Amino acid sequence: MYTQLVQPDESSAGDAGPEASVFEDKIDRAVTIEPTDWMPEAYRKTLLRQISQHAHSEIVGMLPEANWLTRAPSLERKLILLAKVQDEGGHGLYLYSAAETLGTSRDDMIDALLEKRAKYSSIFNYPTLTWADVGAIGWLVDGAAIINQIPLTQCSYGPYARAMVRICKEESFHQRQGYDVMVTLARGTPEQHAMAQDALDRWWWPSVMMFGPPDAESAHNEQSMRWKIKLFSNDALRQKFVDQTIPQADALGLTIPDPDLRWNEATQHYDFGTPDWSEFYEVIRGNGPCNRERLGARRAAHEDGAWVREAALAYERKVRERATA
């Protein structure tokens, strides 16, 4: 999933009363919570932060791949990439709409992003240096996102869960598109194979860190899992990603850049090294390779599109005035 470091607001986690009892009973029975249902304010705020951060990530996530739209190696690849970037924009719109059901406007969410009061996934603050990076993003980043997002189709909040059903279907195509790019490069010329390996070397650890910090450093995971906003811990999802991806890398003939990687017969899982969490936190704090560039591009797009929003509002007012005349 494209959300990291989302901490529940526990200011009202201790809500009591008949409404709270009904809410807790629904959570226990896996009954979906809808916008008109009573919910603790802490639950609402946690959802709002998570869904809006997810939406921001989908929109900002268009930028690294859009960098290659005019330089894709063939018309077919360009059309596929264009469709994918368009999908990501749609995902952002679905998620902003889901977040709006929690009582906050899209304008407020976007203002929070541009004013650095809200975040987006750290993974999108890395540059796309070669065409192989487009493949690595589809294979690794979207692959990690799918592992994180499929459980969200069963999360406790209805609008979020329903939005994720379509998003996950489209993300599965994105992952296949990326893997297909990597297959073509890995089986191509020695130069193309080296390009694929270089992309894997640069994107592996940021992808592993996409699931957020280790469980031991995630003090509020337990509450999110209690509310069934999250169904699995960061470390459990990270392990699933590693286990799933290693055989795919082997099939490509590429090497995972982790000297500590090995199969553990006792656990039936891969053991792997420790990511550089200091890098993760630096990127989260806004000091990644492309943080300023990404936010600058998002701010410029928002400002350049102001006239469109103003025109749409003016048209809406005119239609309303004619209807009441």
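Guide: Helices here are DSSP runs of H or I with at least four residues, strands are runs of E with at least two, and both are numbered from the N terminus. This is a predicted model, in which local features need pLDDT of at least 70 and side-chain atom pairs count only at pLDDT 80 or more, while totals for chains, interfaces and linings use all residues. Residues are numbered from 1 along each chain as its sequence is written, and side-chain values use heavy atoms, with hydrogens and water left out.

Visitor: At what angle do helix H6 and helix H8 pack, and how far apart are their axes?

Guide: Two packed helices are described by the angle between their axes and the distance between the axes. The axes are lines fitted to C-alpha atoms, for helices over the stretch in contact, and the angle runs from 0 to 180 degrees between N-to-C directions. H6 covers residues 131-149 and H8 covers residues 190-208; they pack at about 35 degrees, with axes 9 Å apart.

Visitor: Is the crossing of H6 and H8 left-handed or right-handed?

Guide: A crossing is right-handed if the near helix is turned clockwise from the far one by less than a right angle, and left-handed if anticlockwise. H6 passes H8 in a right-handed crossing.

Visitor: Which residues in H6 meet which in H8?

Guide: Contact means heavy atoms within 4.5 Å. On the H6 side the residues include Trp-131, Ile-137, Trp-139, Leu-140 and Val-141. On the H8 side they include Met-195, Leu-200, Arg-202, Trp-203 and Trp-204. The residues of the contact divide into 14 nonpolar, one polar and two charged. In that division Ala, Val, Leu, Ile, Met, Phe, Trp, Tyr, Cys and Pro count as nonpolar, Asp, Glu, Lys and Arg as charged, and the others, Gly among them, as polar.

Visitor: How many salt bridges does the count come to?

Guide: Side chains of opposite charge can pair when their charged atoms come close. The rule for a salt bridge is a side-chain nitrogen of Lys or Arg within 4 Å of a carboxyl oxygen of Asp or Glu, and the count comes to 18. In one of these, the side chains of Asp-180 and Arg-77 meet at 2.9 Å, N to O. Asp-180 lies in helix H7 (residues 158-186) and Arg-77 in helix H4 (residues 75-100), so this pair ties together parts 103 residues apart in sequence.

Visitor: Is Arg-77 buried or exposed?

Guide: Buried means under 20% relative accessible area, exposed over 50%, and partly exposed in between (1.4 Å probe, protein chains only). Arg-77 has a relative accessible area of 14% and is buried, whereas Asp-180, with 37%, is partly exposed.

Visitor: What separates Arg-202 and Asp-198 in helix H8?

Guide: They are four residues apart, which is about one helical turn. Arg-202 forms a salt bridge with Asp-198, the closest N and O atoms being 3.0 Å apart. Arg-202 is partly exposed at 25%, and Asp-198 is partly exposed at 34%. Elsewhere, a network of salt bridges links Glu-24, Asp-28 and Arg-226.

Visitor: How many aromatic pairs does the count come to?

Guide: Rings of Phe, Tyr and Trp (its six-membered ring) pair if their centres lie within 6.5 Å; planes under 30 degrees apart count as stacked, over 60 as edge-to-face and the rest as tilted. The count comes to eleven. Trp-263 and Tyr-270 form an edge-to-face pair, 5.0 Å centre to centre with 75 degrees between the planes. Trp-263 is partly exposed at 38%, and Tyr-270 is buried at 16%. Phe-280 and Tyr-281 are also edge-to-face, at 5.1 Å and 75 degrees. Phe-280 is buried at 1%, while Tyr-281 is partly exposed at 22%. Ring pairs also link Phe-23, Trp-38, Tyr-43 and Trp-227 into a cluster.

Visitor: Leaving aside its neighbours within four places in sequence, what is Ile-51 in contact with?

Guide: Ile-51 has its place in helix H2 (residues 41-60) and counts as buried, at 0% relative accessibility. With those neighbours left aside, Ile-51 is in contact with Leu-95, Ala-98, Ala-99, Leu-102, Tyr-157 and Tyr-160. Ile-51 and Gly-92 are 41 residues apart in sequence and 9.6 Å apart in space, C-alpha to C-alpha.

Visitor: Where is Gln-177 found?

Guide: Gln-177 is found in helix H7, and at 10% relative accessibility Gln-177 counts as buried. Leaving aside neighbours within four places in sequence, Gln-177 is in contact with Arg-77, Ile-80, Lys-84 and Val-134.
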